[in-house]
Amino acid sequence: MGKWISIYISGGPVPRPRVVRVIALEGAVQDGNGRVSLRDFIGGDWTGSGPLAVVTGMSVAGVREAVEGAGRAAVERGAVVLRATAARMESALPFAAFVQLFSNAALPPEVVDAAHRLIESCLAAGTREGVVAEFRERRVVFGLCDLLLALAAERPVLIAIDEVQHIDAGSLRSLLCLVSRRPAPGLALVVGGLQPLESSPFPHWLSELMQGADSRAFTVPPMSEAEIEALAAGFGVPTTAERLAHWMCGSGGNPTLVRGLLEDHRHADHDDSVIEPGDYYRQAYLCCLHQDAQGVIGVIRAIAILGETTPARIAGLLDLGAGEVVSLMDRAAAAGLLHDGSFRHEVARAAVLSAIPADTKARLHREAANLLYHEGMPATAVAEHLIAAEHVDEPWTVEVLESAAVQLRLEGRAEGAVACLRLATTSANLGDVQRIRTRVRLAGAEWILDPTRAMRHLGALTEAGRRGELDIPHAAVVIRLLLWHGQVAEATDLLAQLGDGGSDERARAELYSISQLLRLVCPPLADAMGAVPAVIAPAGYDDVLVSVGLRHRANAALHKVITSGPTADVVASAEHVLRSARATYALMDYVVTALLTLVYAERADLAARWCEVFMAEDGPHGRSLGRAMVAMVRADVALSRGRLREAVDYAELALASLPEASWGVAIGLVRGILLTALAQAGRHEEATEHLKRPVPEMLFQTGFGLRYRIGRGHYYLAAGMPTAALDDFLACGRLARRWGIDQPAFLPWRTGAAAALLKIGGAARARELLEEQLTLVGSRGSRTAGITLRLLAATVPNQKRPKLLREAAETLQRSDDRYELAFALAELAQVHRALQDPDRAKLFARRAWRMAVECGAEPLAGPLAAAASAPREDVVRPTPEVPAPVSQTSGRKNPKAQNAIATLSEAERRVGALAAYGMTNREIAQKLFITASTVEQHLTRIYRKLSVDHRSSLPAYGWEWEAVETA
């Protein structure tokens, strides 16, 4: 025992790390009336019994600095300062604080030895019982007081005890005894601690301590902006108004928190105007929190667990009175730890949560879940705590978790839904059938994140379906997953067991929805199931859609567009799904199905706008499948608009957003888009590398496989292998016809086959295919019709080609397909060159070259470059003898049109030149900074003055190139 006390006295307590600097605040610490500062009080008159100061505050650092300042004032007047800091871990050690007081090296050795013997005798007596132990303790208390009073009789002594709220019982008795017995004028006391000291474990001690007339209470206020600015200067951190406001907001004037913020700023690797709180602030916050032992830490933890909450809810969680909670929250706010009942920064909340012991945190989350459930709070709020606690023991937990999963999926928070369902499957309250159906929902949620995660469930779920443990809605989920991964046989077996849904409209709608999906994913399976009543649309199916959900409406629209072609109601249905999906961020299969419907309905403009909406939702909400699928559709949109570079970029983004194994048979669609874009852009080496990548064996039995064949055919065509290309296009056509999905906007195999036939001398067969396609398309105003007309022009004599090509160009211009429009213009240039009309040929070639360069079509742009960049002296310029328009049949100039351009105004000449160059009215308006209506008015006057009835005749006139290039 002697050895222990010897080490304890000589070495003193282990010093606590100080990660912040000291700033003297004693000048700002005043008594309750604001009259006397602590420094003045200690530096004043010590006659009589000497001053006694009690310093309190909401910040340990502020109180400690005030006490240290009092010590400096005492040293200035020649006093010896005896310091002690009461620690929570030492509060059970007898006389721990007084051990520190007598550890001062300035004390005479005989005084230290005497204190050593007194405390050692008390520790020895502590093992005895009754009056003897109490008598021994009294002797120690009186003996220690006598030693201090004797010291004070020789020279002034200041006793300074910090964090007095943690003082041990023996030291407190000694302190009270000393106050009651201090007639010596040379003895002063300063004690400091957190407010309120009255709530310490020792009642009434403060009133006893403050009995003398020479006693004062001082309060440490929060740091002011001026003090924070001075402290920042000491840290070498420049102060701005923005930074000062940030530091005050993050700390509430708590010196420890201020220093944490300053340290974060000082150690930041960048010098932004405001540095967000980091590790130093986090440590400072925890330091402040753990220095309090009077209940605040419990309230802070409760707020960290509950988030936005109320005092009543905190009281329910901690089993405290509401008034007590409000008082503790006020204390925490005064200390800068809270603001308006919440954390000042999310870093603080994260720090508190990370510091809560695991078992305590689990208990708090479990109790919070129970509390919120019985308050009737939303399932998502309750589920958050159930997941954190990993608690599913209560009978109601599974229902709450499943309800939360549904809501989270509708909100696009698939990770949260997966966490809910994964926890639900572990509940002992689930029966076997209920557990397997919960697992189905879990697989469906995981599929949204990454289809490979759902694959691990498919074996058990398929077996459960064979045993009849899945109803139709749950079986439909499993069938969709099986089809995605190409497991057609398993999907067929499961579908065959489902029956026709009976009188259950929802079940019948689910089955019909699967049949629609099969028509795209695996048409052979759809044909095999065609005789089953379940795949026949139930009566009133459109009404059932409302109750079943968006997936069925989207599937119905896609099914219709690939089997019957584009219609206005298909576009309306797709947009309805997209609007509804955006409102709640519905599941990605709804969105992608609706987007593809717009693409195949030849509404690339709408599809592009909706893709931008969903891509702006962070891909969306971090879901890898969502990012990949929307990027894939965006690539298809770009391809249909002739933006080849954009199509390649989005297709590669799609492939990079998802592991290759996760794509299943859908890999055929994205690879087909990419191969087509790379081939048309002339990037053959890249296309070859993608073509070498393996694809699933079942791919070619799916609609995705047909799109892959289209892409591979374009690759063969660009690589100079027209026969191989023709084989792919014709094989695609045979399957499309057999499966009932032969719609050119979805599968344009005829145009590919015609292009291949034209290269190998099969013009007659090409013409048959193209005329057949025009019949299927119906309207000659669609993009597909424009491409068909362009190719059809290659099957007729030169004299008939300009009319077809002009019609094709106008159609493609309206559909905004830059690549195909460039091709049509290039062929117009070629045919006008053959018809001995160099002016028109040059205009069309220049326009085609510019568009080919813009869209990245290098194989098209290269041959056009020479024709488009003729020497300027070769360009026809207006003269009094203005060239007349060329007849559509003879190519001769019309003498009646001479001098016509001279009658045009300067504005009309600019508009006419750009129109002759091939620009649309909208492009002309944007270039000249006028309205499209103004462009139309100019063109009307131009047509009248030049005696023409269409813009296709404008290239025959001698327009100034400067009007085009400088407009």
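Good morning. I begin with helix H22, residues 451–466: at 1.5 Å a residue its 16 residues should span 22 Å, and its end C-alpha atoms are 22 Å apart, so the two values agree. The expected span here is 1.5 Å times one less than the number of residues. Helices (H or I, at least four residues) and strands (E, at least two) are DSSP runs, numbered from the N terminus.

Before I continue, please note that this is a predicted model, in which local features need pLDDT of at least 70 and side-chain atom pairs count only at pLDDT 80 or more, while totals for chains, interfaces and linings use all residues. Residues are numbered from 1 along each chain as its sequence is written, and side-chain values use heavy atoms, with hydrogens and water left out.

Where does H22 bend? The bend, of about 45°, is at His 457; by bend I mean the angle between axes fitted to the seven residues ending at a position and the seven starting there. His 457 is also one of the buried residues of H22, among them Pro 451, Ala 454, Leu 458 and Leu 461. Buried means under 20% relative accessible area, exposed over 50%, and partly exposed in between, with a 1.4 Å probe and protein chains only. After H22 comes Gly 468, with a positive phi near 80°.

Most residues other than glycine have a negative phi. Asp 319, however, is not a glycine and has a positive phi near 60°. Asp 319 lies in the loop between helix H14 (311–318) and helix H15 (322–334). Is Asp 319 buried or exposed? Its relative accessible area is 71%, so Asp 319 counts as exposed.

Glu 602, also not a glycine, has a positive phi of about 60°. Its loop runs between helix H30 (588–600) and helix H31 (604–615). With a relative accessible area of 22%, Glu 602 is partly exposed.

Val 112 is buried because its relative accessible area is 18%. Phe 102 is ten residues from Val 112 in sequence, and their C-alpha atoms are 6.0 Å apart in space.

Finally, the cysteines. How many disulfides does a search of the whole structure find? The search finds zero, where a disulfide is a pair of cysteine sulfur atoms within 2.5 Å. Cys 420 counts as buried, at 1% relative accessibility, and Cys 855 is buried at 4%.

Thank you.
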